[in-house]
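Biologist: I am new to this structure. Please show me how to read it, one feature after another.

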Amino acid sequence: MTVDNKHMQHEPLFRVVKRDGLPLKKTILIRAAAILLAFLFCGLIALILIKANPISFYEAIFNGSFGTQRKVWKLLKDIAVLLCISLAITPAFRMKFWNIGAEGQVLVAALACAGCMYYMGGHVPDALIIAAMLIASILAGMIWAGLPAIFKARWNTNETLFTLMMNYIATFLVAYFLIKWTPSGSSSLGELKFGHLPRLYNEYLLIILVVAVITVLLHIYLNYSKHGYEISVVGESEKTAKYIGINVKKVIIRTMLVSGALCGIAGFLIVGGLDHSVTENTVGGLGFTAIMVSWLAKFKPGYMVLTSFLLVFLDQGAAQVSQNFDISSAFPNVIVGIILFFIIGSEFFIDYKIVTRAKAKEGTKA
Amino acid sequence: MNLWNGILDYILSAVPLGMTFLYGSTGEILTEKSGHLNLGIPGIMCVGAAGGCAAIQALHPAGTVHPALVVLIAVLAAFLAGGLMGMLYSFLTVTLHANQNVTGLALTTFGVGLMKFIMSKLSSVKYLYALPYFRYPFAESESSLKYCGVLFFFAILLALVCSYVLLKTRVGLHLRAVGENPATADAVGINVFLYKYVATVIGSGIAGLGGLYYIMDYAGSQEAYLSIEAMGWLSIALVIFALWKPHISLIGSAVFGALFIAGAYIPGIRELHVSMSSTPLLKMLPYVFTVLVLIVISIRNKRENQPPGALGVNYYREER
Amino acid sequence: MNKTIALELKNVSKYFGSVAANQHVDLTLYKGEILAVLGENGCGKTTLMNMIAGIYFPDEGKIYVDGEEVVIRSPKDAFRHGIGMIHQHFKLVDVFSASENIVLGVKDGKRFALRNVNKTVKELCGKYGFEIDPAKRIHEMSVSEKQTVEILKVLYRGADILILDEPTAVLTPQETSRLFDILRRMKEDGKAIIIITHKLHEVMAISDRVAVLRKGEHIATVNTQETNETALTEMMVGKKVSLNIARSEPVNPEKRLEVTGLTTVNADGIRVLDNVSFSVSSGEILGIAGIAGSGQRELLEAIAGLQHIDAGSIIYCDPKTGHDVNLRDKTPLQIRDLGVRLSFVPEDRLGMGLVANMNITDNMMLRSYRRGKSVFLDREKPKALAENIIKSLDVVTPGVTTPVRRLSGGNVQKVLVGREISSAPSLLMVAYPVRGLDINSSYTIYNLLNKQKESGVAVVYVGEDLDVLTELCDRIMVICSGRVTGILDGRTAVKEEIGLLMTKHDAGTREQEG
């Protein structure tokens, strides 16, 4: 009989008890209710702060993503980019490795990619440049992700803080090369002429397709490959992993290298396919938003399509609101923040339940 | 520029800038000592700045209210604004057991947005009039000495007081126990939840002052608020550098301040022959340093220098 | 001698669900005495003490302190009545100094100064004979120093009634005798002390009276001077209960595993296994009996490649090739690559043997997922295996996709044992396989083990119920504090004999305490 169970008889009136798994239907219901409540709350805030008529407020949010065909494409593109970074960090998160350095990992990859474009552009054929861009991006991402992993595996160095710092080192590394590359007299690097990814139908489709493929591949990797299985076991219980002979250190490093490589691909797609340039702001906080996307989806690639849609939809909608009502462009962040708080809070009701004293008594006797 | 004057001016700019980090890191240390890694600190500093500036604008125009009172009200407003953010963070992580990293990041997104929204509604002349009040007593100084205003000294005082409370008082002992081993603290009758709430709210309030200090003392410009988020992230880095001790943070903040502006100063000193293009590499230094500190403390594995034992792990009593 | 009652329990009971941990227990403790509480694992000693210390609240019965009825709802309440408990698992903050831990949570209204705490601690040390540096940090301390801090913590709060839960389990003989000196001084000072222990010679050496518990009930309280170890053992183990577990004769036993001089030292510098030697043959069940924490877990983990080994050898005799393989310093993976067919059912089923959040199929793969060259998993065979186990062992579950954490204890164990047996082991190690299981599930497990034995597997069975051990096992090895104190024939061994061997510490210990 366990003795250190601190379950005491003199419980307060309410007590929080861990749930033993909730049916999928109910979890969806709770989350939907949270999102709905959050929207209502935001409408209320908008009404008070910017005197926005609720109907035109919600209309503006909707139009932000679906107002025109171009907006729909932009929505899909933004989802693809965010989803790609979210997918990249997911293997590590499944292992309970708190990598909050996707921002930096994507940024160095973007830098490496732009470097290939800058130095090789005009000297060799585009196909060769693109191949070099891809390889360089992946390697850069792997280095940026691999360093914290090695120290985590060897000395248990705190990975959250390590990866956070690596973001800034990446930012200034980009700043350094920007100074070197920017032609004197101009303020930014500008568009690099060579090594653009080919266009399919329009400038976004290729990227959307690539990310769709990555989503499926990662889903397969995590759920159907031996590596993915090892990641799950290490994440759930290191003790079990050792018991069945998994080399935990190796899995940590390998998984972070996979994460880094995927971040590399994200950087490659952003620079090669969209921006054709690099700035300190190329990733623009997506590395952090990706953590939300991945976490809200419980680290499942399929659900991440939905959560990244939600976040991009909110962002664009709120941007439309700030445009329509002529308010600060910072308004989207406020809206996204509020809705995130609601969703984060709602997780509590999925994982825990509140038991009153009378109910608890019945429970123990049963 | 004369080399020695240059160096003196450099130090005089670096140390006051460091106070921004000192507010942020002192607040974060209090929070981390209760076992919560609050990545919302950048957002909290932003909201603190916005709250403070809004309060000053409410007291506009100059002369209607006594300068000392303007400063006091602004400080209280910044503290309150930061504290409210801390309350939100505590509610989500302590009461609702939400993931700390995710909550913190959401808080930063929200806080940065909220600040930009508020600042866009304010007019800079209507709060910058109070700049001399904050830079008292050196407001008239032509040199960088002008940065050493009241909040500069308050930051130092606050860091020392926090160190004293943490290391020498019963409350500090209990707080550290909560962050190291909440189950043990709970077993000896310490109210774990209360300590977590109070430490986080006060810590966030202090961090909020950092934002106000940066705008109303150090930078004193219309655009200043755009840099606060970056200051917030550095403040979190400083916590590691300071080994979770506010009095070390005092030295660390000066070092960070020096490194932060090294990029702007060092290439200007011609005798050093450092080219302008290496500015970003110099700016990288505080982060590289922090990574090195992190690695060294994990390799040395000295127990006193490790992060609080239960950092990042929410406490749930029924868990065995 | 003036006998004042310090603490009295009347008719105290505690139930966990339908299981009675304590039933109608009466207990009296006098000032200035040491009362030993004796009983087998799971007899309810610790639960009873936890009710006095405020961890649990009794379902019925009354507690009196100094003759007055009291209600103890929390450790704080217990302290208020002068009761302090020293738990088996220390509750200390590692990075704090001794003094900081001692003063933690004390609100005496006095100005806080560590200097004063140090002074008080030193006074307490002087009074009772502790040796400790108040400024030393816990993580730099030995186990016995940590225990000293726990005791000081209780004394600092002014406790007059001290409860020690198996304080000697982690101590060396020298440390034990020092602790006993201190306890005697406290007794002379008028403190009332309860000490929980399994070790009979310690009961004889330190206590004034002994209270014996068995299966949650209070059997008797006797004066130590009027009893002896044999009488106490009889009270502790009770009459033999017949279980009627089938037991066949081993067929063609061949040596399968030979362990020689196995020694491991843990992080605290304690020899958890000390020169352990034994062998297991095919077609037999070797039982391992011992008080909890005597080195059983370390022994099995050492064989499975999960434990650092300081000396000795583990030789596996491969039944196919006839070659001998040394398993020492091999990882679990290396052991399997050597072709050793070893299965291991660990004590911690959901924390080690299985992954609680994974479904039954995925748990089936834990051992076998590496098979084949493909980078992908084959879920077909594990799924078939899961279905097979569910059917053949009557696992109650909604299906193969149910996470194992949702299964009841018995079903979890069936899944785990089923998986380990499915790989056709030649050596099977099981640790406490029927712990927490109902009668029917227990018999399912016994039958499974017997079938394995009959098919020529060498089975190592670590158990706690002596009735089961004597009916199931062909031989019983008894270990005590990491040493083998005897290997008996399962067909002739009697419980009293095993009980004595389980608490038989080497002669050196006795002399010192003598």
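**Reading the model**

Modeller: Start with an enclosed helix. Of the 11 residues of helix 8 (residues 226-236) of chain A, 8 are buried, so this helix is largely enclosed by the rest of the structure. A residue is buried if 20 or more other C-beta atoms lie within 10 Å of its own, exposed if 12 or fewer, and partly exposed in between, with C-beta atoms placed from the backbone. Helices (H or I, at least four residues) and strands (E, at least two) are DSSP runs, numbered from the N terminus. This is a predicted model: local features need pLDDT of at least 70, side-chain atom pairs count only at pLDDT 80 or more, and totals for chains, interfaces and linings use all residues. Residues are numbered from 1 along each chain as its sequence is written, while chains are lettered from A and ligands numbered from 1 in the order in which they are written.

Biologist: Which residues of helix 8 of chain A are buried, and what do they pack against?

Modeller: The buried ones are Gly228(A), Tyr229(A), Glu230(A), Ile231(A), Ser232(A), Val233(A), Val234(A) and Gly235(A). They pack against helix 3 (69-94), helix 7 (205-224), helix 9 (238-243) and helix 10 (248-275) of chain A. Two residues are in contact if their C-beta atoms, placed from the backbone, lie within 7 Å.

Biologist: How many helices and strands does chain A have?

Modeller: Chain A has 14 helices and 2 strands. Its C-alpha trace spans about 80 × 60 × 35 Å along its principal axes. Of its 366 residues, 49% are buried. Take the contacts in chain A between residues at least 6 apart in sequence: 78% of them join residues at least 24 apart.

Biologist: What is the mean pLDDT of chain A?

Modeller: pLDDT is the predictor's confidence in each residue, from 0 to 100. For chain A the mean is 88, and 92% of the residues reach 70 or more. Over residues 1-11 of chain A, pLDDT is below 50, and this stretch has 22 contacts in the model beyond near neighbours in sequence. Residues 359-366 of chain A also stay under 50, with 4 contacts beyond four places in sequence. Where pLDDT is low, the predicted coordinates should not be read in detail.

Biologist: Now the interfaces. How many residues of chain B are in contact with chain A?

Modeller: 39 residues of chain B are in contact with 45 residues of chain A. On the chain B side, helix 4 (100-121), helix 11 (228-241) and helix 13 (279-300) each supply at least two residues. Helix 4 of chain B gives the largest share, 13 residues. The chain B side divides into 24 nonpolar, 10 polar and 5 charged residues. Here Ala, Val, Leu, Ile, Met, Phe, Trp, Tyr, Cys and Pro count as nonpolar, Asp, Glu, Lys and Arg as charged, and the others, Gly among them, as polar.

Biologist: Which elements of chain B touch chain C with two or more residues?

Modeller: The contact takes 14 residues from chain B and 12 residues from chain C. Helix 8 (170-180) and helix 9 (182-187) of chain B each give two or more residues to the chain B side. Helix 8 of chain B gives the most, with 4 residues. By class, the chain B side has 5 nonpolar, 5 polar and 4 charged residues.

Biologist: How is chain C divided?

Modeller: Domain bounds come from an automatic or database domain assignment. Chain C has domain 1 (5-237), domain 2 (255-341 + 426-513) and domain 3 (352-423). The C-alpha centres of domain 2 and domain 3 of chain C lie 26 Å apart. Their contact takes 11 residues from domain 2 of chain C and 9 residues from domain 3 of chain C. Helix 15 (residues 439-454) of chain C gives the most to the domain 2 side, with 5 residues.

Biologist: In what order do the strands of the 6-strand sheet of chain C lie?

Modeller: Strands of a sheet pair through backbone hydrogen bonds, either parallel or antiparallel. Two strands pair if DSSP finds at least two bridges between them. The 6 strands form an open sheet in the order 16-17-18-13-19-20 (chain C), and the pairing is mixed. Strand 16 (342-345) and strand 20 (483-489) of chain C stand at the edges with a single partner strand each, so one side of each is left without a neighbour in the sheet. Strand 13 (residues 285-289) and strand 19 (residues 475-480) of chain C run parallel, joined by 4 bridges. Ala289(C) has Val478(C) in strand 19 of chain C as its bridge partner.
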